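Hi,

Here is the structure I promised to pass on. Have a look at it, and then read on for what turned up.

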Amino acid sequence: MDSSALAARVRALRLPIPNPNPSLSPTTVPVLSPGSRPWGRRLSCRLAARCSGPVNPNPNPNPKPSLSCSAVAAQEAAPAAAAAADIVRVRLRRLVEEFHSLPEPLDRVKRLLEYAAVLPPFPEAERAPANRVMGCTAQVWVSAAAAAAGADGLGRMRFAADSDSEITKGFCACLLSVLDGAPAEEVLELRPEDFGDLNVVGLPGRAHSRVNTWHNVLISLQKRTKALIAKGEGRPPVEPFPSLVIGADGIRAKGSYAEAQAKFLSPNAMKVKELVSVLREKKIGVVAHFYMDPEVQGILTAAKRQWPHIHISDSLVMADAAVKMAEAGCQYITVLGVDFMSENVRAILDQAGFEKVGVYRMSNEQIGCSLADAAASPRYMQFLETASRSPPSLHVIYINTSLETKAYGHELVPTITCTSSNVVQTILQAFAQIPDLNVWYGPDSYMGANIAELFQQMSCMSDEEIAEEGNCIVHDMFGHEIVERIRELYCDAFLTAHFEVPGEMFSLAMEAKKRGMGVVGSTQNILDFIKNRLKEALERSVDDRLQFVLGTESGMITSIAAAVRDLLGSGASSSSGRAKIEVEIVFPVSSDSVTKASPNGSHGSISTVASDLTKLAIVPGVATGEGCSIHGGCASCPYMKMNSLQSLLAVCHQLPDKNNALSAYQASRFSATTPLGRSVAEIGCEPILHMRKFQATSKLPEKLVDEVLSRTGETVS
């Protein structure tokens, strides 16, 4: 879907209300209440609405007050009443009025340059990466200091700033004219949206980046203000999260959790050799999810350089990669993931005509997923039975569900699968193609709520911003405590969040995204975002340090580290080694962030794990719960960790399985039938194939649309 088409669809779409989704937590009981309505029921508010601030109705086109050397601080001479309170807002209002009095963009640019000219010099020694403002195209440096309290007893802040861009320097001077010398409390009360009325430059095509500069510099100054307040009050510094710092010269780990993640980034050469040897000898392909254990990912990443039939990705393309491996001659496919992933690989290979290619899991026990289990519950089927009585209805189901769930759901309501990277486009396209459609999404309650919030925010975006959403749109370890620490320590860093995170973390990342400092979406979206920000830094060829908060599974660090090291290696040669660039990946986990696993390594069912926590061992991971539950565990899913290197090697060495010793490891091939007597494997694949066609054509398949329009609303008996 191209950008203009996406923007047009959002403008034409009324804002939907999300229906309740099945809970992923035993503490929450989701019921479809009589007053609730599914996606597609319309609110009176339309997405065509615009968010705009008031404009000065009587701008004076002529005044051009001169700026002296003390212009930045001149507004200290405010009336006594204003000096006692709301100094910042009085100054901001005056700044808004000043620029509104200049109707021509060129005049506003000239005034901005006048501000830049009187900005006090910035000490050369403070032009260090630690003082850089991340997210700005130009280089921007800031510093902050706490001054003695004034006569009113309020502590004052003193700020300094500079940039290698005259326009950006002007922005900094304007900000300092508002904030410098103001009480710390007022500095912290200011919000980025308070600058909504300040149209300083307004150059076509560049306004968004200018707004980002205002916001990012403001947030950087506020972060420093908070730190100075804490220091002045004698509070101990907030403990930072563990992180990995990746540079051209290697990787440094900060904290024991990061050390555990980094341990396997340089894998054992003998283990790599052993794996490559058995894969090549027996023609075995490997498809693995991003959320693998760091040891496994490190080995697989190194082995892929010698054996090309290894693929690490999100769940969307694992089956596609398996088909390509089968086409290249692989006789076996090993799947490192949870059971629904191996089921999908088995079914798609069968659909492609590769029934003889063996598909193997990494355990003879269930490798579960609480998200998939939630969709397999009777409550979810009741949810779909309700949907079947409200035609025309479309069921959009997250791909992280079992083949049986997809099949049973498809018989109740026409169904298409989605992923975190295409769910928004799928829903928008469905509304565009089918009038008065009701969309029923499940089973991830967080993703459903986040979709609603995303659409609400899109109603207040410009066409340009919506187009950007279409290209990069859019797990409860990220609770309130974690989010507050991110606000305190990393509010000026790049924030990444998977679409499955709870609302508080999602909102934080969405706010950062608006100012070019964040991404919400799939694991691939997150990886691409980090790579693109690093490429931009390499093109600038100046010393820099980029900090990313990893709001998803910690297993992603292997792919991130490999991509970053590759780019830094190529960037070093292109910049003649003059620029020193480091990338810091922050893991938002705390000392009480643990995952539960039974002492003997067996995970069993989720209900079993939850019912007997006192007998469980502790391993590094997330706080309480497993899988994509609302107590959040995909950040270090214990089921994913069942895919160990030892299991992979053991399965590979026993192939071909002449004695049927690996029967319990084979991916399920469903012989069961649906309530209407059709094959689960065949019907369960249809929603996946519908998604594939949508991805190829940007339109819902005609077959699916016809099914939606032909349903009468009667439930399947």
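**Aromatic cluster and rings**

Y380, F383 and W440 are linked into a cluster by ring pairs. Rings of Phe, Tyr and Trp (its six-membered ring) pair here if their centres lie within 6.5 Å, with planes under 30 degrees apart counted as stacked, over 60 as edge-to-face and the rest as tilted. That rule gives a count of 8 aromatic pairs. One of them is Y380 with F383, a tilted pair at 5.4 Å centre to centre and 40° between the planes. Both residues sit in helix α14 (residues 378-388), 3 residues apart, or about one turn of the helix. Y380 and F383 are both buried (under 20% relative accessible area; exposed is over 50%, partly exposed in between, with a 1.4 Å probe and protein chains only).

There is also a charge over a ring: R127 lies over the face of W141, 4.9 Å from the ring centre (the rule asks for NZ of Lys or CZ of Arg within 6 Å of the centre and within 35 degrees of the ring normal).

Before you go further: this is a predicted model, where local features need pLDDT of at least 70 and side-chain atom pairs pLDDT 80 or more, while totals for chains, interfaces and linings use all residues. Residues are numbered from 1 along each chain as its sequence is written, and side-chain values use heavy atoms, leaving out hydrogens and water.

**The sheet**

An open sheet of 4 strands runs in the order β8-β7-β9-β10 with parallel pairing (pairing takes at least two DSSP bridges between two strands; helices are DSSP runs of H or I with at least four residues, strands runs of E with at least two, numbered from the N terminus). β8 (310-313) and β10 (358-360) are at the edges with a single partner strand each, so one side of each has no neighbour in the sheet. β7 (residues 284-289) is joined to β8 by 4 bridges, and A288 has I312 as its bridge partner in β8. Helix α10 (residues 294-304) packs on the sheet and touches β7, β8 and β9 (332-336), its direction making about 130° with that of β8 (contact is heavy atoms within 4.5 Å; axes are lines fitted to C-alpha atoms, for helices over the stretch in contact, with angles from 0 to 180 degrees between N-to-C directions).

**Helix α26**

In α26 (residues 702-710), L704, V705, E707 and V708 are buried. The exposed residues E702, L709 and S710 are on the face turned away from that buried side.

Cheers
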